[in-house]
Each structure stands twice: as C-alpha cells, then as structure tokens.
Amino acid sequence: MKMSQTVVRGLKNSPETQKKKRTIYEILDERYGFEALNYEVPPHANTVLFTLGGITLASLLVTLASGFLLGFWYLPFPEEANLSIRTIMEKAFLGSVIRGIHFWGAQITIAGLVLHILRVLFFGSYKRPREGNWIVGVLLFVTMIGLYFTGTVLKYDQEGYEALAHAKEIAGTLGFGTFFNTEYVPTTIRIFLTHVSILPVILLVLLFIHILLIKRLKISPLPWSKAEANGSKEGGTQGKPQVKQGHKRHSFFHHIRALIGWGYVVLGITLILGIIAPPGIGPSPLDGIEVTKPVWPFLWLYSVEEWFGVNGAWIAGGLTVAGLLAIPFIDYAKEQAFGKRKFVLILSTVVVLTFLVLTVYAYFSTPVVHLNM
C-alpha cells in the first residue's frame, strides 16, 4: 500500500505531470515571450490622471477602426466627396452611426491628448530621463492634429473648404504651395492619401516608440514623492517610481486590464454619442465666400488670425510647438516637486488660460473674412 502511494506521488511530481499543470499564459509565453513586456507599475498608474494616455489610445483605436470602414464608401474627388458622405449617412448599413463613432472618437482623442499633455506638464513627468519621450509625445500630438485637420477638409462642406483655403494660404507663404496646386491630381486626393496613409504610418511609428520608452523608463513618479522632492537618483535618473511603504506595485498586465476597461468605456461613449448625436454635414461648398469658423482645436488660432492675419496664425502655431519641444530643456532641473517648480507652473497656467480665453473669444465672435477668396 505504501509503495502504491509512493508511486502515485512520484507520478504527480514527475516532469510530464508538471508540464500539464502549466497555465495557458505560461505555454504561450514560452513561445512568444509575453513576459518581456512586463514591468512593475506603481499604484498611482491606475488612477484616472495616469490612464489618460491609455484612454486616448483606446479612443484612437476606435477612431482608426471606424475610419477604415468609412473608407469603403468615401470618394476623394471634389465633385463627389461631400455627396459620398451623405450616401454613407443615408444608405450605408449603420453608416450614420459609424461616422458618428469616428467623429466622437476623434473628439475624445484630441481632448484626451490635451489633458494627457497637461498632466505630464504640470506633474513634471518630462524630466530626466524622460525628455525624449516628451518630444515623441509632442510629435504624436502634432500628427494627431494633422489627422484631425485633414479629416475636417475631407468632408468638403463649407467648413472643410474654407479650412483647405487657409492651408493653401499658409503653405504658399511657407513655400509649399505646390502640394495643393496641381492640374493633374485633385487636392482632395492628396489630402485623402495624407489622412489614410502618411499620417497614420507616422502616428503608429511614434506610438510604438512612445510605448517602448514607457516600458524602458517606467511610469513617472508622483511629484510629491519624497525622493522626487529631494531630486534623488532613484526618482530622477533611474526612472523608478517611488511606492509608499505598504503600497503594492502591480505588473504591467494589471495596468493593461485597467486600460482595457477604460477602452470599453470609450467605445460605449462613442457608440451612444454616435447614435443620439450624429455629426451633421453642410452642403457642397461655395467658392469665393468665407462664412465659417474652424473646428474647436483651432479656434484659438482664429482669434490670432483675426488680429494678426494668416501669418500671425502660423507663427503662433509654430511657436506653440517649439515651446512644447523646448520645455524639458528650459526646466532642466531634475526635481519634480511642485514647490521647486513654481515659476514653470505659474507660466504654464498663464499660457493655458490664454489659450482658453482665445478659444472662448473665437467661439462667441462673429465670423469675419480673413482671406481673399
């Protein structure tokens, strides 16, 4: 009897039996190396402020997927672009809802990007060794703004047509007017190719680098961490977040579960808004008039353009991007603590409030002629 029990225990502990006990994850990890993606994540990484990047990514994926579906129906020709969108809304199966998801997904993506940049800015998460990732993030933002703008033009209603006229004016001033002016290829086709191929490729490459750097440098610590307040090596150079005693670090996969949860929330919101508040579209544009204002991410530039002309608008936009890129090199000290960054925080607050005032002013102002159309 004892011998039989010994044999049974031996069989249970044999290598063959142990292999059968492995989880599906372990089996897949052996073949695909999932564990190489894993890293420790501090508890604050799963708070709303630190998941803004993941929420933005989720809304971006929703926007890209819905845009892919819309591409089956869209015709990028000046005479047919506006009509093809009306066909999508009226005749394509769930076309109006899909376009609504695409529209609201883009709004959430831009809003999420702005909030994410503000969180990184005010928390000092761009500091050493994360300066490079801040620059990649700014380039991601510029690329996404480009996608938003080209998407607006592709509606080819009066709003889109006037947006394109402004782009032509600025491009001509900067010496790139030939991109828009050609007798062989309609401008809308070039805008369409930029929107569905060039900018998405740039976006995905930058996004890959951004995520890779997050894994390499880890989630940034909180600015009120004691180590960061003292500018310690642990908080600044190593990029390892400080965790209070008794707080448990989580794995990257735990963080991913939280982000997936937010992804479902974003999908639900865009679906609901796409059903109850589908975006409209104006009629085909009329040449020679200027009666609309730009979409909300560009409203602040509309105010600048009203006072300083088209040249003032592109200069203001360029200075904004240059200022964002320069932040890590202006505020180069390694401390993240709020108390040691008062000047930067005050200046940033003033700039953000200025953008808000310009946006609100443009929203309530009466449209005026800025171009000789």
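I'll start with the second largest pocket, which has a volume of about 1300 Å³. Keep in mind that this is a predicted model. The pocket is lined by 48 residues, and those closest to its centre are Gly53, Gly54, His210, Ile211 and Ile214.

Which helix gives the most to that lining? That is α9, with ten residues. Helices that each supply at least two lining residues are α4 (52–70), α6 (95–123), α7 (131–155), α9 (187–217) and α12 (252–276). By class, the lining has 32 nonpolar residues, twelve polar and four charged.

Next, the packing. The largest nonpolar core holds 32 residues, and Tyr126 and Trp134 have the most contacts inside it. At least two residues of this core come from each of α6, α7, α9, α13 and α14 (342–364), and α7 gives the most, with nine. Beyond its neighbours within four places in sequence, Trp134 touches Ile117, Val120, Leu121 and Tyr126, as well as Leu324, Leu325, Ile327 and Pro328. Another core lies apart from this one; its 15 residues include Ile85, Leu154, Leu164 and Ile191.

Leu164 takes us to α8, where it is one of the buried residues. What covers them? The cover includes α7, α9 and α13 (299–330). Just after the helix, Gly175 has a positive phi of about 90°.

Terms used
Residues are numbered from 1 along each chain as its sequence is written. This is a predicted model: local features need pLDDT of at least 70, side-chain atom pairs count only at pLDDT 80 or more; totals for chains, interfaces and linings use all residues. Side-chain values use heavy atoms; hydrogens and water are left out. On a 1 Å grid over the protein atoms alone, a cavity is a set of points where a 1.4 Å probe fits but cannot get out, and a pocket is an open set with protein on both sides within 12 Å along at least five of seven lines; lining residues have an atom within 4 Å of a point. Grid points are joined across faces, edges and corners, and a volume is the space filled by probe spheres set on the points. Helices (H or I, at least four residues) and strands (E, at least two) are DSSP runs, numbered from the N terminus. Ala, Val, Leu, Ile, Met, Phe, Trp, Tyr, Cys and Pro count as nonpolar, Asp, Glu, Lys and Arg as charged, and the others, Gly among them, as polar. Buried means under 20% relative accessible area, exposed over 50%, partly exposed in between (1.4 Å probe, protein chains only). Contact means heavy atoms within 4.5 Å. A nonpolar core is a set of buried Ala, Val, Leu, Ile, Met, Phe, Trp, Tyr and Cys residues joined through side-chain atoms within 4.5 Å.
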